[in-house]
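Here is a short briefing for a reader new to this structure. Please look over the sequence and the model before reading on.

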Amino acid sequence: MTEEYVKSPFNYIGNKHRLLAQILPLFPQNIDTFYDVFCGGLDVSVNVTADKKIANDINYFLIEILEMFKNTDSEELLQSIDDVINRFNLAKDNRKSYYAFREYYNKNKDPLLLYVLMCYSFNYQFRFNSRHDYNNSAGTNRSSFNKKMKDRLESFSDKLDNIDFKNLNFKNLNFSQITTSDFVYCDPPYRSSVGSYNDGKRGFEGWTVEDDLALFEILDELNDKQIKFALSNVFFNNGLVNKELKQWSANYKVKLLKVNYSNSNYQRDRTGETQEVLITNY
């Protein structure tokens with residue numbers, strides 16, 4: 001029987017929920033502090049067993065929502081969400097209310113409003129323009145804050161107590177304090193899979209080969225200090241090969257993962273193959 005994992009209340013591109021059963025057994029058994037360098041929707045962090053967790057992401061909108069979830073009683077949070085839904089007459093078949101609400105959010109930016117807005121948007125996606133205005137279209141007749149989303153949020157928010165959040169570029173994280181009893185996990189944007197978080201057109205930084213190389217250098221330094229790490233990435237996708245990753249990974253252990261991206265938003269070529277890997281130094 002497949003183990004049940006807590007699922008993030010976000011539909012964040014590149015989330016690892018469907019791979020948790022393959023990834024988590026490969027992590028060290030005893031972790032003092034777990035460092036999730038590119039935490040995204042937090043699917044990995046909330047399901048890892050560790051004394052303390054540090055979750056970082058460059059998207060400050062996301063981090064603000066996660067901190068709000070952590071610092072708000074779940075009953076109070078759900079009531080606040082219901083209040084927003086009722087105030088703006090939101091429903092999955094009400095396009096007019098959605099766009100009025102989106103306009104209101106872009107003038108009165110607030111993490112609670114953004115989360116509710118996302119719940120009624122197309123594919124529940126975070127999408128912004130270069131001015132950081134939310135610009136995802138309505139999820140008409142598909143998206144809403146339904147019972148499944150409510151239950152998911154309740155379970156998720158109960159798992160945040162021992163997580164500290166950071167909003168930094170990975171190059172600015174302080175890795176000097178990490179010890180050999182800690183564990184570093186990296187799930188960076190993939191250069192061969194462009195989503196709304198890494199195309200460089202949404203007011204956030206894109207991801208380039210220089211970023212890959214900078215991350216490899218950091219991981220090499222951790223390895224030199226005998227600090228365990230794991231890196232999620234893809235060797236190839238849609239005919240594009242990450243040659244730098246394949247070359248760098250030759251110094252470490254590579255686990256090939258079984259994954260189906262046929263339903264992924266950013267997989268344009270449905271016939272293209274993907275080889276996702278977990279690279280470790282232990």
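Which residues line the second largest cavity? They are A91, K92, N94, R95, Y98, Y120, A138, G139 and T140. The model is a predicted one. The points below start with the whole chain, then turn to cavities, helices, loops and a strand.

**The chain as a whole**

- The chain has eight helices and eight strands.
- Of its 282 residues, 53% are buried.
- Among contacts with a separation of 6 or more, 68% join residues 24 or more positions apart.

**Cavities**

- Two cavities of 30 Å³ or more turn up in a search of the whole structure.
- The second largest cavity holds about 40 Å³ of space.
- Y98 is one of the residues that line this cavity, and Y98 is also in contact with both S121 and S137.
- A138 and G139 belong to the lining as well, and S121 is in contact with both of them.

**Helix α3**

- Helix α3 covers residues 74-87, which is 14 residues.
- From first C-alpha to last, α3 reaches 20 Å, close to the 20 Å expected at 1.5 Å a residue.
- The buried residues of α3 include L77, L78, I81, V84 and I85.
- These residues sit on the same side of α3, because they cover an arc of only 120° around the axis.
- An α-helix has 3.6 residues a turn, so residues three or four places apart point the same way.
- On the other side of α3, the exposed residues are E75, N86 and R87.
- The partners of the buried residues of α3 are α2 (60-71), α4 (95-107), α5 and α6.
- At the start of α3, a side-chain oxygen of D73 comes to within 3.1 Å of the backbone nitrogen of E75.

**Helix α6**

- M149, R152, L153, F156 and S157 are buried in α6.
- They too lie on one side of their helix: the arc they cover around the axis is only 120°, which puts them on the same side of α6.
- K147 and K148 are exposed on the other side of α6.
- The cover over the buried residues of α6 includes α2, α3 and α5.
- N146 has a side-chain oxygen within 3.2 Å of the backbone nitrogen of K148, at the start of α6.

**The loop between α5 and α6**

- S121 lies in the loop between α5 (111-119) and α6 (147-157), and S137 lies in the loop between α5 and α6 as well.
- Is S121 buried or exposed? S121 is buried, because its relative accessibility is 0% and buried means under 20%.
- S137 has a relative accessible area of 30%, so S137 counts as partly exposed.
- Beyond its neighbours within four places in sequence, S121 is in contact with Y98, Y134, N136, S137, A138, G139 and S143.
- With neighbours within four places in sequence again left out, S137 is in contact with Y98, Y99, R102, S121 and F122.
- S137 and R102 are 35 residues apart in sequence, and their C-alpha atoms are 9.2 Å apart in space.

**Residues with positive phi**

- Most residues other than glycine have a negative phi.
- N89 is not a glycine, yet its phi is positive, at about 55°.
- Q226 is another residue other than glycine with a positive phi, near 60°.
- Where is Q226 placed? Q226 is in the loop between α7 (209-224) and β5 (228-237).
- Q226 counts as exposed, because its relative accessibility is 64% and exposed means over 50%.

**A residue in strand β7**

- K255 is part of strand β7, residues 253-256.
- The relative accessibility of K255 is 42%, so K255 counts as partly exposed.
- K255 and V277 are 22 residues apart along the chain, with 5.5 Å between their C-alpha atoms.
- Not counting residues up to four places away in sequence, K255 touches L26, E276, V277 and L278.

Conventions:
Residues are numbered from 1 along each chain as its sequence is written. This is a predicted model: local features need pLDDT of at least 70, side-chain atom pairs count only at pLDDT 80 or more; totals for chains, interfaces and linings use all residues. Side-chain values use heavy atoms; hydrogens and water are left out. Helices (H or I, at least four residues) and strands (E, at least two) are DSSP runs, numbered from the N terminus. Buried means under 20% relative accessible area, exposed over 50%, partly exposed in between (1.4 Å probe, protein chains only). Contact means heavy atoms within 4.5 Å. The expected span of a helix is 1.5 Å times one less than its number of residues. The arc is that of the directions from the helix axis to the C-beta atoms. A polar contact is a pair of N or O atoms within 3.5 Å; within protein, one must be able to donate a hydrogen and the other to accept it, and residues adjacent in sequence count only if both atoms are side-chain atoms. On a 1 Å grid over the protein atoms alone, a cavity is a set of points where a 1.4 Å probe fits but cannot get out, and a pocket is an open set with protein on both sides within 12 Å along at least five of seven lines; lining residues have an atom within 4 Å of a point. Grid points are joined across faces, edges and corners, and a volume is the space filled by probe spheres set on the points.
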